[in-house]
Amino acid sequence: MCLYLQADFGFNEHHQNELINYMRFAHSKRALRLKTIDSCFQDLKDSRLMEETYTVDEVSDMLDGLQVLVRGEVEMELINTAHTNALLLQQLFSQAEKFYLRLQTDISELENRELLEQVAEFEKTDFKANSKEISRLQEDNDKLKARLRTLESQAMSTLDEKSKAERALKDLQKSQGDQQSAIHAQEITTLEGTVAEMQADFEKTLNANIASQKDLQDSLVSAKHDLLRVQEQLSLAEKELEKKFQQTASYRNMKEILTKKNEQIKDLRKRLQRYESDG
């Protein structure tokens, strides 16, 4: 591409690159203005073409309005192009005057069809090369986006599995807690019955041995000791049940699942951070 331009215009590499940059700038401005003109027609279709039939006066009115819009856009682009070219010449003349040079321009050459066709062919060749590069970059960008969506999906799936595991663990703990509470309630009821029987026996003994104060005191002390022993047994039973619950296979499996899910999430987050750093 650069060799082609050098053969036709005689520029060195630096000036070739300067011309390429300017032509790309002009192409982008032209494409933007054409999009604006296309939007003028689309706006007319969306806002005015609502009926199946129109009168001549209505069609003429719509075309007049469209003409004003398109004329304004084209005139603005032509004026902007002229001003842009003037600024470009101003830069070149300013640089030349620093070295006491006087540049000359041949206005007639601006309408040389052969040279204009050469420039047009060069722009077409350069645009095709840029289009291929843009397509390649767009394809790479689409692949990266697809990869990012996959990682996000995996992260969401892992979080969902973690939430399910946490809910299952809570349900298991609740179920075990309810079962443990039922066992405690049954033991308390049994112990209360035992205490009630002991109190009944104590009262019976008290009534039967009312005459012996010493026997009465001994029975009272013995009953108190039995009551303390029963309360201690109840406390030990609660601790033993709690220890057995924590040693169950279901509890250990849930803990292992949560630990693995947390490690997966940490790994996915590290991979996402590396991807964002690479991007």
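Predicted model: local features only at pLDDT ≥ 70, side-chain atom pairs only at ≥ 80, totals over all residues.
View 1. Residues are numbered from 1 along each chain as its sequence is written, and side-chain values use heavy atoms, with hydrogens and water left out. Asp-160 counts as partly exposed because its relative accessibility is 37%, and Lys-164 is likewise partly exposed at 48% (buried means under 20% relative accessible area, exposed over 50%, partly exposed in between, with a 1.4 Å probe and protein chains only).

**View 2. Lys-261 and Glu-161 form a salt bridge.** The closest N and O atoms of Lys-261 and Glu-161 are 2.1 Å apart. Lys-261 lies in helix H6 (residues 249–278) and Glu-161 in helix H4, so the pair ties together parts that are 100 residues apart in sequence. Lys-261 is buried, because its relative accessibility is 13%, while Glu-161 is partly exposed, with a relative accessible area of 35%.

**View 3. Asp-61 pairs with Arg-48 in a further salt bridge.** The closest N and O atoms of Asp-61 and Arg-48 are 3.2 Å apart, and the pair links distant parts of the chain, with Asp-61 in helix H3 and Arg-48 in the loop between H2 and H3, 13 residues apart. Asp-61 counts as partly exposed at 44% relative accessibility, as does Arg-48 at 35%. Elsewhere, Arg-33, Glu-73 and Glu-77 are linked in a network of salt bridges, and the count of salt bridges comes to 5.

**View 4. The largest pocket has a volume of about 2,000 Å³.** Among the 39 residues of its lining, Leu-19, Tyr-22, Asn-85, Leu-88 and Leu-110 are the closest to the centre of the pocket. On a 1 Å grid over the protein atoms alone, a pocket is an open set of points where a 1.4 Å probe fits, with protein on both sides within 12 Å along at least five of seven lines, and lining residues have an atom within 4 Å of a point. Helix H2 (13–47), H3 and H4 each supply at least two residues of this lining, and H3 gives the most, with 13 residues. The lining divides into 20 nonpolar, 11 polar and 8 charged residues.

**View 5. A nonpolar patch on the surface includes Leu-103.** Leu-88, Leu-89, Leu-92, Phe-93, Phe-99, Leu-101 and Leu-103 form the patch, with about 640 Å² of accessible area together; members of such a patch have over 30% relative accessible area and no salt bridge, and nonpolar side chains are joined within 5 Å. Leu-103 is placed in the loop between helix H3 (56–98) and helix H4 (113–208), and is partly exposed, with a relative accessible area of 47%.

Key:
Patch = residues over 30% accessible without salt bridge, like charges linked within 9 Å, V, L, I, M, F, W, Y side chains within 5 Å. Areas by Shrake-Rupley, 256 points an atom, 1.4 Å probe, with all protein chains shown as cover. Salt bridge = Lys/Arg side-chain N within 4 Å of Asp/Glu carboxyl O. Helix = DSSP H or I, 4+ residues; strand = E, 2+ residues; numbered from the N terminus. Points joined across faces, edges and corners; volume = space filled by probe spheres on them. Nonpolar A, V, L, I, M, F, W, Y, C, P; charged D, E, K, R; others polar.
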